[in-house]
Each structure stands twice: as structure tokens, then as C-alpha cells.
Amino acid sequence: MTTTELLTVHPSAASRARALKPKQVVYAIIGIVILVIMLFPVYWMINASLQPSGNTLTAGIFPTNPSWAGYEKAITDQGANLVTSLIISVGAVIVCLAIAAPAAYALAQFRYRWISVALLIILIGQMIPGIVIANALYAAYNDLGLLNTHVGLIIADASQSIPFAIIVMRAFMMNIHPSIIEAARVDGAGQVRTFWSIALPVSKNALITAGLFAFLFAWSDFLFALTLTTTSDIRPVTLGIYQYLGTQVSNWSAVMATAVLSSLPAIILLLIAQKYIAAGAMGGSVK
Amino acid sequence: MTTATPIRARRRIRRDDVVKFMFVVPAAVYVLLFFGYPIVKNLTMSFQDYTTKTFFTGEAPWVGLDNYVTAITSNLFGPSLLNTALFTAGSLLGQFVIGLALALFFQKKFPLSSVMRALLLLPWLLPLIVASATWRSILDQDSGILNRFLGVFGLDAVPWLTSPDVALIAVIIVNIWVGIPFNVTLLYGGLQDIPEELYEAASLDGATGWKAFWHITLPNLRAVISVTLVLGVVYTLKVLDVILGLTGGGPANATQTIAIRSYQTSFIDFEFGVGAAFSNILILISLVFAIIYLRGTRKAVDE
Amino acid sequence: MHKNRILLTAAAFAAGTVALSGCSGGGGDKGGDGGGDASTLTVLDYYNNEPDKTLVQEALDACAEEVGVTLERETVPGADLIQTVLQRAQSKTMPDVLMLDNPDVQEIAATGGLAPLSEFDVDTSPFTQAIIDAATYEGEVYGLGPAVNTLGLFYNVDLLKEKGIEPPTTWDELKEASAALTEGDRYGLAFSAIANYEGTWQFLPFMWSNGGDETELDSPENAEALQLWVDLIGDGSVSQGAVNWTQGDVKDQFMAGKAAMMVNGPWQIPSLQEADFEWSSVEIPVNHAGEDSVAPLGGEVWTVPETGNDATKAKAAEFVECMSNEKTSMSIAEARFLVPTRTDIIDEYIEKVPDMAAFGEQIKTARARTGKLGADWPDAATVIYNAIQLGITGTPADEAFAKAEQG
């Protein structure tokens, strides 16, 4: 009984209740060191973006004479593209989760003989070079009038993450204890209700993790952005960056500046999402 | 226990089954529409003589296994296969081990941990073209910051991207860097799903640290670990942009992989049939790992 | 019951696949936009970055007005142009006017996807032979380009003056000058030996000026040219990094003072104008004094794809002619630091833009890459850059080409 009580205390309340242990400060410092090492290339990119030449050939460790030309260009040119990217990425997450979650649940919990075949097909889909898919899609989109539309890109980007989301969420959902599902069914809940009210809340971590990746796939997609748009009306920022990369001359400081600026809104969204991956989503529900 | 269902005639499809079927129909339609045609197309293309002319005239004469023979007997096939194996094994090992270590580390509660976890995803947010350009400048032999850093300790400048002996290692290092966020996020999510009570109960029995990891963490994480590994293999086998951006397959074809052979054969030599053959060979290799994974999960479900 | 379900699913899968293959392959007869109505032309090119995008837009608009059409323009990044062209070809949605990089013209013409300009009585006589060669397939000319570029040797005037060195004109002088100019972390020379067509492009002036040829790759002349590069790197006058440098990287090295000379093209001039040192250019050095310096021809041409719509094709041909007339040729050349392709105005151009003097002279003897091998050029180009990579990483120069040919 005492164990369950300990668990129901909200984690942040617990840490607020007592002062910061020195252990935690040490961990925080280790975390920062790890971050510095892992993110050094990102820092180097920022350094390059602040150099007047756009490269680090004559640069020191710190940009002592920052040039904001790249950022000025990036801000004036890429504002609309950033919004487009955000719309498409968020849309792709919604479409992806709406379609993949039920399928993942079914493949995890229902017993079908053809589950292996289905999973195999999904996995094979992940192996196809993106370019083969893009070529096939162009013709179809052209016929359907989906070129240069937000909806078109959302659907296409979601398609890339749906198989992945199914496979990943299924792995998480296989860990749902059968007893809670059965308890709901015994209480008379139909399949959909069981899924919606019992399985989904318990699979919060799975949903958020899959959603994160769906966002990242859509955000960093270049192939579909290139293939499925023919005008500059709708231009995700991955394509927008190519404004500065010509066949012979490239404006690297603008490229790097765009990359830095476009990462900011995405990081904020990811930060918010990460906070929700909480421990013990499933613990405590098994009696 | 499931409620006892009255015996119905075998041919009637129960309403319950229809509902259950509808859970997967949208996804099935999606996968079919977006992947069905390309899978079939990629396969048929590998048996045809598919060139630039085909795009204009639609003619693609059937050549049977000729493309595969061309692919397998090409001089670069053996080296690229070897490089593919080394690249995949090296990347996966690095990404997974570091990813797991980081995921375990972030299990601990300390201030700013969720901010740090979000920031770790930055490598994935950067367009690959920018990441490659940045790494190229970091790894530059003469003025790259890495060699300058090594120079502080008196080490000679390493020809990271310019020596056939070192280039593959350099490319693996960059790919590990790119893949860590993927591994950390998946494994962290999986770790968070393991109920705390299991650890509490185990610590009451005296099992902490390594013992807890071995007997509690690993078994419960198995499903997520196998997913991470199989997807890691499938994605790493396909890796193209990282290598193209850093070395273009060079120097002197030292970083050629089957994926690059496929791309270059199709889009630089315009031999799409042979390129498709290369990519199907890659898919076959991935398939082996996929089947191993599926056998594994089927056993787990049956347990 | 389960068996039926599986059969049903399999049938649905197969049916869906067949339906989709019908969907993407045929695409219906979309031949040419605005069927019959020739007042709008669709244009596809790869000038997707500034300032080129706007500069070319000005030229496009001027010609649109002259020919009396409106334009719908699409730009794609350079590396993706051919892929886009193929996609369009397959779905029968080719643009009315297509820009192609000159070495790709013969490959695309060989598919039957371009209309020969003779169909529209386009006069091709005022243009340099090299650009006509590049755009000719089986005796028919398929495109015209207003201005072209090539390679030259840029050098840091201040540094050379400091060491009392004259800009080199022969290979021996090049080796001496490069060695003398190498000091500290500065190399004497920089060029691009990267493992793609850019590396081949940079090597061609040395190969061709020495009498080497792409029709016979394993030749002593080619080996000699490769040996020059290998020696320059071996002496330490050129960084080993060249094996992975693009021409953009080479320019960065030169601008940062890490190389005293560089092999590069006039498109770098806008960047060079921001250099804090004085620079100039000469033709690429030759092996023995008195030989001709032969450099490759770069630049794009405008073509008329076969869209099945005769009215728009005729208009498109008029448009292509306009894009290469004297006015357009001169204005594009001046704006983008290229050399006009019309032989009669080259000298006038050099007077107007003295910075381009070396390149203007070099163009007169420039050679098209696809001039001799046509659609087989890509294979030869691949062998060349592989040979370069092998040579620089240790294979003896006289074996490198043979080994690369096996590849």
C-alpha cells in the first residue's frame, strides 16, 4: 500500500518539496557536458552563420565579429516558408496519429494470422528509396490536382511516418497489460470505446514519441517538397533554403542562418511535447 | 476471461470483426496507395532496360536478370557491399550504445533534463545539407576545427575525408551523430513505460544498479529495443545524403555503399534498371533483418 | 473465414496496384499547356538562387514581351533538374521552354523529347562552334545559349608581386610558382578534384591542352596531365583536401588567403569583388609554350521540348531565338560574368568588361564536353574523375585511367 502512495505523488511536487540534492546538480552538469559535445556541430554552424564569408576558414572558436547579413536575408525571405513548414508538419502529425494509432493497437492486441504479413509489407515500404515514391506520386498528384496544396503535402509527409508510427506504437502497445483491456470489455465496452478510453491514455508515451518523429520526418522532408510543388506559392523551409544554393554560387551564411532560425519554432514545439513523456504512465493501473 | 460467445454459423462475419477490421483499413489504404505501386514499380524496373528514353517513350524492354548480373559483377559491387556492412554495423553499434546510455542517464531527475532532451533532437532538425556542410568544414584536413583541436594535444592532422583509409570511419562517426537522437528518443520513451513498481519491488529484494538493469530494464525494454534495431538497420542501409554530402562516395570510392551505387547508377548514369536492381538487393538484405524481427515479436506475442 | 479474408485482401492489393499503375503511367494526353492557345509558355530552369534568378527573369520578361507571350516559370535546384525533366516527360507535362546544362542536351535529345530547331528555321550560324557542337545530336541543333563560361587561372596579384613571380603560362612555371607561393598555412594553388563531374570539368583544360582526349582515355597524354596534378599535391603546393573540394570550396580557400592561385570560373567574380586583395586571371597554363590552351565550355542552353502542340512549339522556338539574340546575349553576359556565344560580339564584350579578358580569349578555343562522345560522355566523365581520385590517392598515373575504365 505504501508503495502505491509513493507513486501517486506528482514527481515535480516531490522534487519541489525537498531542496536540490548535490547529486542532481552533478547530473545536470554531466548533462550539459554531454550536450556541449553532441551539439558542438550545431554551435559550429551558428558560428559559420555569423561569419561574413559564411564559412569557418578564417574563423576562431568564437565569432568575435558577427555579421548578421545571413540572418537579415533569412528573416526577410523565409518567414512565409516557416509558417508553411509548421502547418504541414503539425498537419502530418495529426493525420499520422489518427491513422496509425488504431492500426498499431489492432496489430498489437488483436490476433490476426496475417499480422506478420502486414508488418512485413509495412517494413518493406520503409526500405523503398524515397525517390521511387516521389516519382510515382508526381504523376498521381498531377492528375488529382493536389500539386502545390497544403493538403497534398500533409498527406504525402504523413505517408512517410505512418508505417514507422505503426511499428513503433505497436511495440509500445504490446506492453499494455491484457487485464486492463479485458476489464473494460467485461464491463461492456465495445472495441472502439476500449481503444479510445483505455488503451490510448495508457499509451501516451507511445503517441507522443511517434508524434515527435512524425513531426521531424515532415519538418525535414525535402523530396516531397521538391517534387510536389511547381510554384513558389507553397514552399516548406527545406526547399526555401535552396534559394541560396545555386549550381555554381552559394550563399552559405544565409543557408546556415535559415537553418538556425527554422530550428527555433520546431525546438519549442518538441520541448513542449517532451515534457509530456512522463514516467509510470502504465504503472499503478495494474492492481 | 472473455465472455462466452454463442456458436454462430462459420460463414457469418461477426460485427465485432468488422469493427476490428476498420481499425486497420485506413492505414492499409494509405500504405497501399503510397507504397504498393512504388514497390511493384521498383521490382519491375529492375527487370527492364529502363533509361532516360523510357521516360519519354514509355518503352522498357524486358531483360530478365541482366541488370542484376550487371550490378553484381560490377567492380564496385564487392567493395560497396563490404562498406555497407561496415557502415551499418559501425553506425548501429555507436548509435544504439550511446543512445541507450543517454536514455538511461536522462531517466534520472535533475533540473533542465527535459530541455536537454529536446535540444538533443537538434541534429535531426537541421537539413542534411547543412549538417553535411558543417561536418565537412569540421573535418577539413587543413583548417577543420577537429584537427586544430587534436593539434592542441600534439596529434597529427588526420585526413578525415581525404584518405581512403580514414574516410569510412569519418562517415560512420557523422552517421552516429545523426542517429543518436532517434535512438535516445525511442529508448527513452520505452524506458519511461516500465512501471516504477518493478524497480521498487526489486530494490526491496536488494537488486539495484546492474542487476536491476539486467533483470528488469532489458526484458521489459525488449520490444522497443528490437524495434529500434530493426528500424535502425533498415534506415542505415538506405543512408544516402550523409555520405553524398561528405564525400560523394569517394575518395577513390572508399565510401561507396550499395545505396550510393543505386543512386548514382540511376541518376548520374541514367541506368534506372540497374539502379533498381541495386536497391532491390538492398531491400533483400533489409528483408532478412525484418523477418528476424518479426519472428522475434511473434514469439513475444505468443508468450 | 480467415482464408476468405486473406484472399480478399490480396485481391484488393493487386487490384489497387493495377489501378495505380494505370493512373501514373498514362496521364492522358496533356500535350502542351493551353492546348492550341499559344499565348502562355511554361518555362523550366535551374536558376533558383539569387542573383541569377532575378537576372534571368529580366531577360525572360524582355523576350516574353518581344515575342508576345506571358510566362509561367518554374525553377528547381540544379542537381534536381534532370530528375524533374524525367518526371515531367513521364507524365507528359513537359514545359514549353526548357533550360538544360549543355552537356545534358544530347542525352535528352537522344530520347526524342526535344524538337530540332531547324523545324522552326532558327539561324544557328552566328554562334561559336563549341556551343553548337554541344547542342547538336545526329546533325540537328536542339538548343541555343546566350552566354557561356569556362575555366581560367585566378591569382592573388599582391602575393605574386611580393614574391616577384609572373603569372605562369606553362606547367613547369605553374609548378615553380605554386611551390614558391606555398608558405605557412597557405598553399600555392587550389583546384577541385572532387569525385563527381565537377572534378572532371576542372581537369579537362589540362587534359585537352596536352592533346589528351576523351575518346581514348588510357593515353600517355592523359597520364601526363594527371601526373601534373599528382605532382602538385605531392610537392605540397596543393592541399590533399582538393580531393573533396567543390569549386565553391576552392573559391573560399582563395578568398581566405589559403591559396595564392586557383583554377576557377568567372561566375566567382561577384564574390571575388569583395576580396580585400587585388586579383586577376590568365588562361590555364599549357604543357609546352606555344600550345593552345583548350578549356571546356560551360553554360546553359534553351531548348524546345516536344509537347505535341505545334502552335506553342513555334512560339517557344521564337522565344529561344530571342533569348540568344545580340541584345539578350550581351545583357546576360554582362550581368552574370559570362562570355557571349555570338562570335561577332565577343571582342566588343571584352572591351566592356576587362575582368573577363582571359575568359573571352579562352572561349574562342573552348570545346564542348559532349562534342565527340555525345550521349556517351557521362561514362567517360565518370572514368576521368575516378582516375583522378585513384591518381591522387596513390595509384601511379599511367595505371589510373586503365584501372578507372574497369570500374
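Analyst: A crossing of two helices is called left-handed if the near helix is turned anticlockwise from the far one by less than a right angle, and right-handed if it is turned clockwise. In this predicted model, the crossing of α6(A) and α1(B) is right-handed.

User: Which residues make the contact of α6(A) with α1(B)?

Analyst: On the side of α6(A) they are A:V132, A:I133, A:A136, A:L137 and A:Y141, and these meet B:F34, B:F35, B:Y37, B:P38 and B:N42 of α1(B). By class, the residues of this contact comprise 9 nonpolar and 1 polar, with no charged residue.

User: What angle and what distance describe the axes of these two helices?

Analyst: In general, two packed helices are described by the angle between their axes and the distance between the axes. Here the axes of α6 (residues 130-144) of chain A and α1 (residues 15-45) of chain B cross at roughly 120° and come within 9 Å; the two helices are therefore oblique to each other.

User: Turning to the sheet in chain C, what is the order of its strands?

Analyst: Strands of a sheet pair through backbone hydrogen bonds, either parallel or antiparallel. The open sheet of chain C has 4 strands in the order β9-β10-β8-β11, with mixed pairing. Because β9 (187-190) and β11 (279-282) each have a single partner strand, they stand at the edges, and one side of each is left without a neighbour in the sheet. Neighbouring strands are turned by 20° against each other on average, direction ignored.

User: How many bridges join β8 to β11 in chain C?

Analyst: Strand β8 (residues 152-156) of chain C is joined to β11(C) by 4 bridges, and the two run antiparallel, with C:L153 standing opposite C:V282 of β11(C).

Key
Residues are numbered from 1 along each chain as its sequence is written. Chains are lettered from A and ligands numbered from 1 in the order in which they are written. This is a predicted model: local features need pLDDT of at least 70, side-chain atom pairs count only at pLDDT 80 or more; totals for chains, interfaces and linings use all residues. Side-chain values use heavy atoms; hydrogens and water are left out. Two strands pair if DSSP finds at least two bridges between them. Axes are lines fitted to C-alpha atoms, for helices over the stretch in contact, and angles run from 0 to 180 degrees between N-to-C directions. Angles under 35 degrees count as roughly parallel, over 145 as roughly antiparallel, 65 to 115 as roughly perpendicular and the rest as oblique. Contact means heavy atoms within 4.5 Å. Ala, Val, Leu, Ile, Met, Phe, Trp, Tyr, Cys and Pro count as nonpolar, Asp, Glu, Lys and Arg as charged, and the others, Gly among them, as polar.
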